[in-house]
Protein chains: 2
Amino acid sequence: MNAREILREHIAKTASLTDEQFDYCFEHFEPQSFKKGQVLIAEGDRVDAEYFVISGCLKSFFVNDEIKMYILQFAMPTWWTSDYNALYTKSRASINVDCITDAEVLSLSNASREKLCRDIHQLEYFFRWRTNKGYVATQKRLLSLMNNDAKKRYEELLELYPQLYNLVPKHLIAAYLGVSRETLSRLYNAH
Amino acid sequence: MNAREILREHIAKTASLTDEQFDYCFEHFEPQSFKKGQVLIAEGDRVDAEYFVISGCLKSFFVNDEIKMYILQFAMPTWWTSDYNALYTKSRASINVDCITDAEVLSLSNASREKLCRDIHQLEYFFRWRTNKGYVATQKRLLSLMNNDAKKRYEELLELYPQLYNLVPKHLIAAYLGVSRETLSRLYNAH
């Protein structure tokens, strides 16, 4: 499937668009290709777009004063990523987004998303449910971080992203779980 | 202000409704009063509604196998609360919602919210932005839990809910921060 078909199928899971409506919608997305390691958003940037992943894998993360990295999200094909706090509140980026592998994305600007939502009620519905799902997933992760030990969180991660172990270096998985690489090795070998 | 005016003002901050549209919208909300300690949602329940708080203070929380309580959210006037995971995915409640003080809420069923969003495009816009804000707030809290120590999280909590310290028993604040009451006392006295 090409980028257009992937987006079409993704939206169709939630909302019904006519061919005309989808054509109009798709015009607002910009295809972009990135190399492994390339940065889409760096802390301090103005953030004007969100990214729908077509291929490859991205990560959103932040690095604290002690140079420790925390991973907020891995973004696989058909996932969306950005610094949503910065995007929605028009503040500067407080996190980073970069590419774990070569990646193709469809970029959608803030202004275009709002225009599409105004013009096509079904797209407003789509984006409402897109965020509803993101909200629930983030809340689940918060509960898990408060309550579950590293072993349980590791199992949840594999459930959420079954293909992750082949795609992503181990130190990044450790940074998602908030554990050391040594702890991760123990969990990995016990699994 | 009465419940109707509070909801009207709350929606008007995000979306423009005509008087007629708001009247139609308001018909779908059901006023409910609860006493301190009363339970709106218990783990295992079917969840069919979300609650817009008019007065009082609610909490959403869960209790793990070791009877340790974690607080996900305090809900003050003009905040919304429910078990959104259960509400959106039509699964059983995995958290609880109850009243810290006597409370008045406006209850909105899942079916009514979807109907309102279908019938009035501006309400779909309102609920999209309501969730966008909730998503960003939850993501911030997740980052904070990963990176910040209890002292920093305590300061963030006071910033988010300035009136909290007078309203809410200290052991509940400790349960929100994920610290013991003794640690909270130290933070409180240092403040």
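This is a predicted model: local features need pLDDT of at least 70, side-chain atom pairs count only at pLDDT 80 or more; totals for chains, interfaces and linings use all residues.
**View 1. Helix 6 of chain B crosses helix 8 of chain B.** Here we're looking at residues 150–160 (helix 6) and residues 170–177 (helix 8) of chain B. Their axes come within 10 Å and cross at roughly 115°. As for handedness, the crossing is right-handed.

**View 2. Side by side at the contact of helix 6 with helix 8 of chain B.** On the helix 6 side you'll find Arg153(B), Tyr154(B), Leu157(B) and Leu160(B). They meet Ile173(B), Tyr176(B) and Leu177(B) from helix 8 of chain B. Sort the residues of this contact by type and you get 6 nonpolar, no polar and 1 charged.

**View 3. An open sheet of 4 strands in chain B.** Read across the sheet and the strand order is 2-7-4-5, with antiparallel pairing. Strand 2 (39–41) and strand 5 (69–75) of chain B sit at the edges, so to speak, each pairing on one side only. From one strand to the next, the twist averages 30°.

**View 4. Strand 4 of chain B next to strand 5 of chain B, with helix 8 of chain B packed on the sheet.** Strand 4 covers residues 58–63 of chain B and pairs with strand 5 in the antiparallel sense over 6 bridges. Pick out Phe62(B) and you'll see it standing opposite Tyr70(B) of strand 5. Helix 8 of chain B touches both strand 4 and strand 5 of chain B. The direction of helix 8 makes about 105° with that of strand 5 of chain B.

Methods
Residues are numbered from 1 along each chain as its sequence is written. Chains are lettered from A and ligands numbered from 1 in the order in which they are written. Side-chain values use heavy atoms; hydrogens and water are left out. Axes are lines fitted to C-alpha atoms, for helices over the stretch in contact, and angles run from 0 to 180 degrees between N-to-C directions. Helices (H or I, at least four residues) and strands (E, at least two) are DSSP runs, numbered from the N terminus. A crossing is left-handed if the near helix is turned anticlockwise from the far one by less than a right angle, and right-handed if clockwise. Contact means heavy atoms within 4.5 Å. Ala, Val, Leu, Ile, Met, Phe, Trp, Tyr, Cys and Pro count as nonpolar, Asp, Glu, Lys and Arg as charged, and the others, Gly among them, as polar. Two strands pair if DSSP finds at least two bridges between them.
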